[in-house]
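Okay, everyone, thanks for coming. Let me put the model up and then talk you through a few spots in it.

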Amino acid sequence: MAGYFCELTDTLSPSAETSAEFLRLLLNTLHKLEEGKIENSLLKSVFELRALSIGGFMPDLVGCTECGEFEKSPLYFLPLEGILICGSCFRDSPYDDAGVIRNTLTPPVTAAMRHIVYSDLEKLFSFRLTGDSLKKLSRITENYALLHTEKKFKSLDIYLRLAAGVKPG
């Protein structure tokens, strides 16, 4: 997991303006990893989404990109565009296409993503998700990272195999 955090940081190539913020995020995440009090999949999701946000891929999670609704249901996250769109607006939008990648968000996942992107670093790890919500967040942030970096990460593959109980080799 620590290797993946470093590999993702290296891929996002922090600029001089963002290097201090990347370093703080990396060190705080590694500290939380060492403590072992937060599930690895939650740490992974937080790091992925926040690192991508710092690295220039911050999604707009304030509300529906078309009507501005904050909590309308259903709410979709379009990872390629990095936007939210509600179900009503989606049906009448150019995004209503079978080829458009979209994730249906639940209120807990939406709240978690907003917290990760918009909270102060000091409060970044001050929430919890469990069960299906954590699995969904993990899939969304991982896919968002892979989509925007256009890279496969060996360290992520190893982590995912270990987390699934598959022995490396």
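Helices here are DSSP runs of H or I with at least four residues, numbered from the N terminus.

Quick housekeeping. This is a predicted model, so local features need pLDDT of at least 70 and side-chain atom pairs count only at pLDDT 80 or more, while totals for chains, interfaces and linings use all residues. Residues are numbered from 1 along each chain as its sequence is written, and side-chain values use heavy atoms, with hydrogens and water left out.

What do they pack against? By contact I mean heavy atoms within 4.5 Å. Just after α7, G165 takes a positive phi of about 85 degrees.

Over in α6, have a look at T149. T149 counts as buried, at 14% relative accessibility. A polar atom of its side chain lies 2.7 Å from the backbone oxygen of A145. Leaving out residues up to four places away in sequence, T149 touches L8, T11, L12 and L52.

Now salt bridges, meaning a side-chain nitrogen of Lys or Arg within 4 Å of a carboxyl oxygen of Asp or Glu. By that rule, the count comes to six. One of them joins the side chains of E7 and K151, at 4.0 Å, N to O. E7 sits in α1 and K151 in the loop between α6 and α7, so the pair ties together parts 144 residues apart in sequence. E7 is partly exposed at 21%, and K151 is partly exposed too, at 32%.

Then there's R24 with E122, at 2.8 Å, N to O. R24 is in α2 and E122 in the loop between α5 and α6, so this pair ties together parts 98 residues apart in sequence. R24 is partly exposed at 43%, whereas E122 is exposed at 61%.

Last one: K32 and E35 meet in a salt bridge at 4.0 Å, N to O. Both lie in α2, three residues apart, about one turn of the helix.

Technical notes: Helices (H or I, at least four residues) and strands (E, at least two) are DSSP runs, numbered from the N terminus. Buried means under 20% relative accessible area, exposed over 50%, partly exposed in between (1.4 Å probe, protein chains only). A polar contact is a pair of N or O atoms within 3.5 Å; within protein, one must be able to donate a hydrogen and the other to accept it, and residues adjacent in sequence count only if both atoms are side-chain atoms.
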